Amino acid sequence: LASKGVDAAAVVDALGVVEELEARRLEGQTRFTLVPKGQKMEDALKTLRSANPTESPGIWDEKSKISKLANGEWEVLYAPHLYRLQQVLATQFGPRYILGVENGLTTIVSNVRYESTWFGNGWLNAAGTYDSIDADTVVIKFERFWWDRNSDSPSPDPEKAPAGLVQAIGQAGFVPSFSRFPVRYVDEKLCEFQFQASGTSILAVKVK
């Protein structure tokens with residue numbers, strides 16, 4: 001940290017801000033922890049970015065790096081754009097991502113839990129791959145979309161694009177220009193990347 005000109009105490013404080021939000025998720029035993037954009041969290045993320053321990057966080061072509069830092073199940077702790085959407089739709093969202101490797105490809109499964117008095121409950125799901133664009137950016141290519149209505153758990157990745165309306169809507173709504181994500185911070189537990197369409201951060205914590 002000293003070589004980067006970063007105050008170690010400031011980093012500890014920033015991690016403490018994140019841990020407070022994580023504790024809320026654990027203590028409440030809930031999938032829903034999204035909070036509005038706040039200066040305290042934004043300042044913490046800025047500090048963490050300045051101390052990012054991972055070189056080239058957009059490059060994922062080394063097996064050891066992928067295994068140590070990427071693979072696993074991640075839950076979203078902070079995503080201001082999704083919080084705003086919650087308010088508009090009167091619906092709670094609990095996003096998670098599962099990263100892995102299959103047949104030499106870096107894979108991603110997105111499961112978003114939703115609960116709403118208007119729309120009921122269930123899971124909105126997508127699966128595909130992610131690749132590097134440059135040293136700081138990844139691109140996600142979702143290819144399969146499915147919906148689990150009135151279900152407590154998401155169903156597995158169908159591995160082949162399912163036929164039907166959900167797949168068609170998913171493909172039509174998947175905008176490639178919105179699928180590029182600058183990665184700002186990565187360690188063995190936390191990952192922060194930017195949703196460029198809104199210019200807001202997404203912070204996820206590895207849970208498995």
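Two strands pair if DSSP finds at least two bridges between them. Helices (H or I, at least four residues) and strands (E, at least two) are DSSP runs, numbered from the N terminus. Eight strands close into a barrel, in the order β1-β2-β3-β4-β5-β6-β7-β8, with antiparallel pairing. From one strand to the next, the twist averages 35 degrees.

This is a predicted model, in which local features need pLDDT of at least 70, side-chain atom pairs count only at pLDDT 80 or more, and totals for chains, interfaces and linings use all residues. Residues are numbered from 1 along each chain as its sequence is written, and side-chain values use heavy atoms, with hydrogens and water left out.

Start with the strand pairs. Strands of a sheet pair through backbone hydrogen bonds, either parallel or antiparallel. Strand β3 (residues 105-116) runs antiparallel to strand β4 (residues 120-134), and 10 bridges join them. There V112 stands opposite L124 in β4.

Move on to β6 and β7. Three bridges join these antiparallel strands. They form a hairpin with three residues between them. V186 has C191 in β7 as its bridge partner. Next, six bridges join β7 to β8, again antiparallel. F193 is bridged to I202 in β8. This hairpin has four residues between its strands, and G199 in the turn has a positive phi of about 70 degrees.

How enclosed is β7 by the rest of the structure? Buried means under 20% relative accessible area, exposed over 50%, and partly exposed in between (1.4 Å probe, protein chains only). Five of the six residues of β7 are buried, so the strand is largely enclosed.

Contact means heavy atoms within 4.5 Å. Helix α2 packs on the sheet and touches β1, β6 (180-186), β7 and β8; its direction makes about 75 degrees with that of β8. Axes are lines fitted to C-alpha atoms, for helices over the stretch in contact, and angles run from 0 to 180 degrees between N-to-C directions.

Helix α4 (residues 80-89) has P80, H81, L82 and Q86 as its buried residues. Their cover includes α2 (39-50), β1 (72-78), β2 (91-102), β7 (190-195) and β8 (200-206).

Not counting residues up to four places away in sequence, W60 touches K65, I66, L69, A70, T106, Y130, S132, V138 and V186. K65 also places its charged end over the ring of W60, 4.7 Å from its centre. A charge sits over a ring if NZ of Lys or CZ of Arg is within 6 Å of the ring centre and within 35 degrees of the ring normal. The charged end of R149 likewise sits over the ring of W147, 4.5 Å from its centre.

Rings also meet rings. Those of Phe, Tyr and Trp (its six-membered ring) pair if their centres lie within 6.5 Å; planes under 30 degrees apart count as stacked, over 60 as edge-to-face and the rest as tilted. The structure holds five aromatic pairs. One of them joins W118 and F119 edge-to-face, 6.1 Å centre to centre, with 75 degrees between the planes. W118 is exposed, at 59% relative accessible area. F142 and F145 have ring centres 6.5 Å apart and planes at 65 degrees, so this pair is edge-to-face. F142 is buried at 18%, and F145 is buried at 10%. Y97, F181, F193 and F195 form one aromatic cluster.

Last come two backbone details. Most residues other than glycine have a negative phi, and most peptide bonds are trans. S56 has a positive phi near 50 degrees. S56 lies in the loop between α2 and α3 (63-70) and is partly exposed at 27% relative accessible area. A90 is not a glycine either, yet has a positive phi of about 50 degrees. A90 is found in the loop between α4 and β2 and is partly exposed, at 38% relative accessibility.
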